[in-house]
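Welcome to this guided tour. Please open the structure in your viewer and get ready to select a few pieces one after another.

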Amino acid sequence: MEELPALTIALLILSLALSHLLYQVCLRSENTRKKLRRQGVKGPEPTVLCGNTREMKRIQQELKVVQTQDANNYLPTVFPHLFLWRETYGPVFTYSTGALEILHVSDPEMVEDIGHCTPSELGKPNYLKRSRKALFGGGLFTLNGDEWAYQRKLIAPEFFMDKIKGTIETIEDATAPLLESWESMLDNAGESRLIVVDDYLLKLSADVIARICFGSSFTRGEEIFCKLRQLQKAVSQQDALIGLSAFWKYLPTRANREIRKLDEEVRFLILDVVKEHSNSMGDGLLRVIIDGARGWQLQGHDAEDFITGNCKGMYFAGHGTTAVTLIWCLMLLATHPEWQERARAEAAEVCQGGAMLDVDALRRLRIMTMVIQETLRLCPPASLMMREALTDVKIGGLDVPCGTIIQVSRWMLHQDKDAWGPDAGEFRPGRFANGVAAACKPAHVYMPFGHGPRTCIGQNLAMVELKVVLACLLSRFTFMPSPNYRHAPVFRLTIEPGFGMPLLVTRL
């Protein structure tokens, strides 16, 4: 009899949990779907609990046999369900992942309206706080409202151009070990060698963000970087359950235990670095984060969550997307040698006589800028822009209910032939010769760094780093495609080569 109250409590908790699940999955999603479909928005029919996730997996399996080796077209490989549903239902459709109703938008006029929405109307989806908490914690990338405004006002000035221009020498210093390493490899193997460039460029970009933002070299932050890479892969696999991950993450699965273990280890390592800098008088991003944590704590929040969340976010966003862009850029230059030669000749002219790179020199790298912009168009590392309607909002004449997840595919916009012309699927950097506004109409369909109030704060640093590293690499080496390369992009929160990027590297 004494056990009865405990059993009753357990059953009550279970029934409440099931009621919440029923509301989230069945009622809330169904109500949102009905409101959208009454306005003419179509989409695949979902099932209870699983939504369209089973259909997504089926499409993925069926299209594997027909996927092509088109280096400029990864959407049918990585997100074949979006590709197929767009062909079936048009540029605006709705689908379900279980607990979430997603409104997919690739209509340029509606995307323009999304950019005009205020941060109080559209924000980062709340599920990201749960599904990617291990990667971003309580940092800028997952917050909304006053919390987001406080952190952005604090951190964004560290990425203004007047500060970023002082990082050029630091980026060159971080690139030097990579150049020496490849030179040494070629000394031992002749003038040419097959090099899988992925890990080298990931480590280089991690070193850059560690030096610029945290005042330490990659050697000091190597353990943090390696564990964050493991976290990134683990979280991206769990993201396949987007929507239901809010429930699965509480289960003691092997994957969840591994994520929690890595999260705790990264947190400890970051706080250890912070302790070393807490008493120093230096400046830079880490000092801003440490000082900002005090104000965060006064608002009733956890200071350590603030520090670790933002440090992890800067490590991931600051090096992951830039490194992946470098990888795709070298691949595209290797397969388009005429543009590789033009970019190399320009870099040689700008750096004539061994002159050091500075802001004026980077501005003169017009061909290099065009190559980078075209790479970001064809291979945007962050493929999907996700927002949540924080209130009922009107977008393109469509009444979008509060709680709807709005998904924008950068790739679809970047290869829209109505905006870019019939050669939208081709690598043609010359389209950016007169800037983005002349390359496409309307200009807002080009959005590698996002769109609207939440545009990426790190785009100045990313562009400077890409130009400096490419100028250094092209001045020393030529790149050719490898016959061993297998084009199989995969989603690991960024779009990466699934089997690495081997290139034939030759010393000039």
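Two strands pair if DSSP finds at least two bridges between them. Keep that rule in mind as you look around this predicted model.

**Stop one: the sheet**

Select the strands E1, E2, E8, E5 and E3, in that order. Together they form an open sheet of five strands with mixed pairing. At the edges you will find strand E1 (92-96) and strand E3, each of which pairs on one side only.

Now select strand E5, residues 384-389. Is E5 mostly covered or uncovered? Mostly covered: five of the six residues in E5 are buried.

E5 and E8 run antiparallel to each other and are joined by five bridges. You can follow two of the pairings by eye. Click on Leu384, and its bridge partner in E8 turns out to be Ser409. Then click on Arg387, whose partner in E8 is Ile406.

H4 lies across E1, E2, E5 and E8, and runs at about 130 degrees to E1.

Show the side chains where they touch: from H10, the contact includes Ile171, Leu178, Trp182 and Met185, and from H11 it includes Tyr200, Leu204 and Val208. By class, this contact is made up of 10 nonpolar, three polar and three charged residues.

Leave H11 (residues 198-214) on screen and bring in helix H23, residues 459-474. How do the axes of H11 and H23 cross? They come within 12 Å of each other and cross at roughly 130 degrees. The two helices are therefore oblique to each other, and H11 passes H23 in a right-handed crossing. On the H11 side, look for residues including Leu201, Ser205, Ile209 and Ile212; on the H23 side, Leu461, Glu465, Val469 and Leu473 meet them. This contact has eight nonpolar residues, one polar and one charged.

**Stop four: a cis peptide bond**

Now go to Pro442, in the loop between helix H22 (436-439) and H23. Zoom in on the peptide bond from Lys441 to Pro442: this bond is cis, with omega near 0 degrees.

**Last stop: Phe136**

Finally, select Phe136, which sits in helix H7, residues 133-136. Is Phe136 buried or exposed? The cut-off for buried is under 20% relative accessible area. Phe136 has 7%, so Phe136 is buried.

Which residues is Phe136 in contact with, leaving aside its neighbours within four places in sequence? They are Phe141, Thr142, Gly309, Gly313 and Phe316. To end the tour, select Lys312 as well: Phe136 and Lys312 are 176 residues apart in sequence, with their C-alpha atoms 5.8 Å apart in space.

Notes
Residues are numbered from 1 along each chain as its sequence is written. This is a predicted model: local features need pLDDT of at least 70, side-chain atom pairs count only at pLDDT 80 or more; totals for chains, interfaces and linings use all residues. Side-chain values use heavy atoms; hydrogens and water are left out. Axes are lines fitted to C-alpha atoms, for helices over the stretch in contact, and angles run from 0 to 180 degrees between N-to-C directions. Helices (H or I, at least four residues) and strands (E, at least two) are DSSP runs, numbered from the N terminus. Angles under 35 degrees count as roughly parallel, over 145 as roughly antiparallel, 65 to 115 as roughly perpendicular and the rest as oblique. A crossing is left-handed if the near helix is turned anticlockwise from the far one by less than a right angle, and right-handed if clockwise. Contact means heavy atoms within 4.5 Å. Ala, Val, Leu, Ile, Met, Phe, Trp, Tyr, Cys and Pro count as nonpolar, Asp, Glu, Lys and Arg as charged, and the others, Gly among them, as polar. Buried means under 20% relative accessible area, exposed over 50%, partly exposed in between (1.4 Å probe, protein chains only).
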